[in-house]
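The sequence and the coordinates come first.

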Amino acid sequence: MSFRISLSGMNTASSDLSVTSHNIANANTIGFKQSRAEFGDVFAVSPYGLAKNAVGAGSRLQRVAQQFNQGNIDFTGQALDMGVSGQGFFTLSNNGQTVYSRAGNFTTDNNGFVVNPSGQRLQVYAPAGDGRSFNTGRLSDLQLATGDAPPKVSSAVNVGVTLPGNATVPVNAPFDAADPTTYSHTTSVTVYDSLGAAHSQSLYFSKTANDNEWTVQTQIDGNDVGTPQTLQYSPTGALVSPAGGSLTLPAYTPPGGAGPMTLALELGNSVQYGQNFAVSELTQDGYATGSLSGISVSAEGVVQASYSNGVSKPLGQVALTMFANPQGLQQAGDNAFSETFESGQPLRGAAGTSQFGLVQGGALEASNVDLTEQLVSMITAQRNFQANAQMIQTQDQITQTVINLR
């Protein structure tokens, strides 16, 4: 019986060495979580219970428990690298089967899907129709759009100008954009048609003979758009007319097959005072066709695509998953885990909400293996093995003594 007890000790010490060896081997594995060998003592139990003077029957390996403490966050500068700081696993689709991982070394496959080295697709919440929120009702694969972003036709031009209160009336002659004496001041902005082509829109401001009254004439690519529109200001310089500060221009159809452009001039921020003409704001809401220029990931896990035309578009929000008992997860290899009965049901959510951690873009969570600690464990397991081996040798000597009795 003593031989078996020592043999069980050698087996558990060997298991301890194997676990330690596995930890050391994965000291540089991204997102790896070290294991701990946990042992229990063994007693032979009869149908009537355990006697008070019973001697134990050795030890056994109870379980290999994952240790999910936080690993260091190392910055890589790679756009699709992600690290979770706090609780939560990345949610991945492995050909329809859902698995979980802390390793965020993602790239794209030949179809633009964001995948890990095993080809498992990162799961996100898809953007809702408003472009600001996300559909948390179901998961979808994150896919980077490889095509160009479509253009947007300009529909509104925000004009913030200061018109000089002491301006003189231009020569009493028909407006001519080529003759600066027929208008007081001018400015221009680039607008876009429905095909993304750029056009130059010019605004010509002219003081009238009436107090606090101006006209504005619009041209696109040198073509008049409507007739001069009247602007009326109060004695304190605030815009009075048009009401609300908005002027809707007649539709203008540009060449090249694009649809008509219907522009509104938003002049609510324009004023009349002082002695100098100044432009404080001149923006419009259209843009040209754009190609993908960059990807960024926010702390809340929002994956944002940036395009060359200055447009940013959310592609999805990374879905994180927590478990009541993460140590109950089943290891699936390649840094992945699977749900089990012991782990409990998955609880999903977005980074920064509830108890979920934050997502660090351009960074990876390193292995949480402490090499110094593992080397100490290795020495301890080695001594345990040697001690049990010595016990077998001692028991063998005792047995030989008994056999040699005369």
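## Backbone exceptions

Asn335 has a relative accessibility of 24% and therefore counts as partly exposed; buried means under 20% relative accessible area, exposed over 50%, and partly exposed in between, with a 1.4 Å probe and protein chains only. Asn335 sits in the loop between strand E25 (330-333) and strand E26 (336-338). Helices (H or I, at least four residues) and strands (E, at least two) are DSSP runs, numbered from the N terminus. The phi of Asn335 is near 65 degrees, which is a positive value in a residue other than glycine. Ser354 is not a glycine either, and its phi is positive at about 50 degrees. Ser354 belongs to the loop between strand E27 (347-350) and strand E28 (358-361), and with a relative accessible area of 67% it is exposed.

The peptide bond between Ser241 and Pro242 is cis, with omega at about 10 degrees. Pro242 is placed in the loop between strand E17 (239-241) and strand E18 (246-248). As background, most residues other than glycine have a negative phi, and most peptide bonds are trans.

## Basis of the values

The model is predicted: local features need pLDDT of at least 70, side-chain atom pairs count only at pLDDT 80 or more, and totals for chains, interfaces and linings use all residues. Residues are numbered from 1 along each chain as its sequence is written, and side-chain values use heavy atoms, with hydrogens and water left out.

## Salt bridges

Side chains of opposite charge can pair when their charged atoms come close. Here a salt bridge is a side-chain nitrogen of Lys or Arg within 4 Å of a carboxyl oxygen of Asp or Glu, and by this rule the count is five. One of them pairs Glu365 with Lys33, with 2.5 Å between the closest N and O atoms. Glu365 lies in strand E29 (residues 363-365) and Lys33 in the loop between helix H1 (2-25) and strand E1 (35-42), so the pair ties together parts that are 332 residues apart in sequence. Glu365 is buried at 0% relative accessibility, and Lys33 is buried at 2%. Glu365 also forms a salt bridge with Arg102, where the closest N and O atoms are 2.9 Å apart. This pair links distant parts of the chain, since Arg102 is in the loop between strand E6 (97-101) and strand E7 (107-108), 263 residues from Glu365 in strand E29. Both Arg102 and Glu365 are buried. Through shared partners, salt bridges join Lys33, Arg102 and Glu365 into one network.

Another salt bridge joins Glu38 and Arg63, with the closest N and O atoms 2.6 Å apart. Glu38 is in strand E1 and Arg63 in strand E2 (residues 58-66), 25 residues apart, and the pair links distant parts of the chain. Glu38 is buried, with a relative accessible area of 16%, whereas Arg63 is partly exposed at 39%.

## Overall form

The chain has two helices and 29 strands. Its radius of gyration (taken over C-alpha atoms) is 37 Å, well over the 22 Å that the globule rule gives for 406 residues, so the chain is more spread out than a compact globule. The globule rule is 2.2 Å times the number of residues to the power 0.38. Along the principal axes, the C-alpha atoms fill a box of roughly 140 × 45 × 40 Å. Of the contacts (heavy atoms within 4.5 Å) between residues at least 6 apart in sequence, 60% join residues at least 24 apart.

Buried residues make up 40% of the 406 residues. The chain exposes about 21,100 Å², and carbon and sulfur atoms supply 50% of it; accessible areas come from the Shrake-Rupley method with a 1.4 Å probe, and for residues only the protein chains shown count as cover.

## Two C-alpha distances

Ser21 is part of helix H1 and is partly exposed, at a relative accessible area of 45%. From Ser21 to Phe43 the sequence separation is 22 residues and the C-alpha to C-alpha distance is 29 Å.

Ala173 is in the loop between strand E11 (156-163) and strand E12 (185-192). Ala173 is partly exposed, with a relative accessible area of 39%. The C-alpha atoms of Ala173 and Tyr183 are 9.5 Å apart, and the two residues are ten residues apart along the chain.
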